[in-house]
Amino acid sequence: MRILFVLLCCHLTAGASVAREPEPGKGSRPGVFLITIDTLRADHVHCYGYEQIRTPALDLLAAQGIRFTQAFTPSPITNSSHTSIMTGLLPSSHGVSDFGVPLAAKYPTLAELLSKGGYTTAAFIGSVILDSKNLAPGLDRGFEFYDNFPEVTTAKSRWGRLERRGMEVEERAESWLNAHSAGSHFVWLHFYDPHDPYEPPPPYSEIYKDRLYDGEIAYADSALGHFLAYLKKQGWYEGAVIVVVGDHGEGLGEHHEDTHGIFLYDSTTHVPLIVKLPNEREAGRTVEAQVRTTDIMPTILSLLGIAAPANLDGDSLEPFLAGVQAAPRTVFGETEYPLRFGWAPLRSIRNEGLKFIEAPKPELYDLRADPGESHNHYEPWDGTVQKLRKSLAELSAKSPARGKTSPAAVSPNTIDELHALGYLGSADAGSATDVPEPSLLPDPKDKIEQQNLLHTATMASEEGETEKARAALEKVLQLDESSALALRQLGRMEMASGNYGKAAGYLRRAHAVNPNDATGALEYARALELSGDLPGARDVLLASLKLNPDQFEARLALGQVYLGFNDSNAAEEQFEAAVLLQPGNSEAQIHLAKTLIRRKMFTEAVELLEAVAEPSNRNPEIFELLSQAYAGLGRRQDAQRAHLRAKTMQESKQPQ
Ligand SMILES: [Zn+2]
């Protein structure tokens, strides 16, 4: 034993210094390339023992680097898991527990620290889910260039609008690097391909036609291969630190979970992690000890000799890189995504061959005897359970306030993007999340079948397969006739098809389940209005506004309902309230101006419109209304001038 210890110590000294050489000085620091592959299960990669796939690029990196066989993400959701990789913090520490939640400036990111250390930094993302303009605010911090998606796109297909294929991400990274070749680089590439829907391009769609998920992985691997070849061509590969990691896995039906996000089983938390050091040091080593993706940031920093921030949840993996038998790391898991469905969030701890999952129905697994986590050994009085539960409670106690995300954090456009990617936003959960104690919410284990069906429906309706979506949603209603999520989705589909009466039927049922939910009330009222039931729409909106008077959309909707009644007076009141709530909103201004003109209150209309008709205002409708208001006052020249202005704007807006 002692001899082994001495040998290990020698190895540590040799290894640790080896990893840092050459001593980093200005301009001579190794390049750092981080590649995250979305939705990548460790056990679907060839060098992780999966014989049914070819992943030559990952295999090559493993042969020339260090492969961690037991690496885990703390979160099965893309944004949270990537933020953990970039900050070395657990989701409950960095606070990004949902889509669209900004990463607070007080948590330094890897890019920020490397940028301060003199690195040229850039990020290339494969999905709008990581766009820093809306769904991942703050994740771009420290990147000189962050390759967001275009703000406006006319593309109907998902490519370019929601996703970029791996090769496009790779090519964009290459061309940026070609234009910024000087200095040391920290570049992050995100390959989204293995995320569902599984649609690999040829030839992978053919080779893997019966296992399309594998086809996406093989394709992402080919994009990685292109990038590694590019690094070699540039002469950057040898000296670089290259880290490849999965952000989370995929359920593939295990534990009845089709995709990811709800559960914390190994199927969605066990990911591949490979680290290639400069000059292929320690090539071919495998590390069997349990480690975490929160360890990546401190590892890169320590390899570069840059000080890590205090109080990280992760720790440098340098001892493992050098072959030292250091203690395995305790893995914590967290998911709040079940809240989007009105179900309980989950927490887990994975340690010493055991996993404990805190849930309304808690679970304990002996991973050595039962790696598939299929036999729950939970007994509340069990000493092991008590110990693990205590560790989880201690972690919760020191985490900053969690789960306090405002539905307003995600804009309506962003909600559409989320739905198109197959996710729900916080507003979708309605008032189900108002339950003060999450453990009183249903256990996701009892609801997973519904989640699969809801996911199928969301993806199907995004692809225009209305019948498939409808069938899945009707199945949810068979399982739970008061599923507000299914009722609302059915209502929206009927609305989109113009079946307003039918839509109102579904939305009435959803509204009855969550009468306090403002979004549900608004949707129900719109369906009633469009199906001709104006009194019904009015009553629903009035009731909702009584609960929360500060609802801009509801004020606008109620104003329109009143116009339908020919009650301009009442309409004006609502539009005025809307303008007060959002003074700069041109939709509200236009509605109010129209109502004033209709009531022949031209002076008031001119007053309102002149206040907003600044030179910077490019909305022709404002000037057209202003022209009408002037005309009402007999100011013909002003009316003509405003009309001309509107016309010029309209013409310049016409597509060339
Ligand atoms: Zn992901």
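Author: Angles under 35 degrees count as roughly parallel, over 145 as roughly antiparallel, 65 to 115 as roughly perpendicular, and the rest as oblique. The model is predicted: local features need pLDDT of at least 70, side-chain atom pairs count only at pLDDT 80 or more, and totals for chains, interfaces and linings use all residues. Residues are numbered from 1 along each chain as its sequence is written, and side-chain values use heavy atoms, with hydrogens and water left out.

Reader: Why are α20 and α21 called roughly antiparallel?

Author: Helix α20 (residues 552–564) and helix α21 (residues 568–581) pack at about 165°. The cut-off is over 145. The pair is therefore roughly antiparallel. Their axes, 8 Å apart, are lines fitted to C-alpha atoms over the stretch in contact, with angles from 0 to 180 degrees between N-to-C directions.

Reader: What makes the contact of α20 with α21?

Author: Contact means heavy atoms within 4.5 Å. Among the residues are Phe-552 and Leu-556 of α20, and Phe-575 and Leu-581 of α21. The contact residues divide into 11 nonpolar, 4 polar and 1 charged.

Terms used: Helix = DSSP H or I, 4+ residues; strand = E, 2+ residues; numbered from the N terminus. Nonpolar A, V, L, I, M, F, W, Y, C, P; charged D, E, K, R; others polar.
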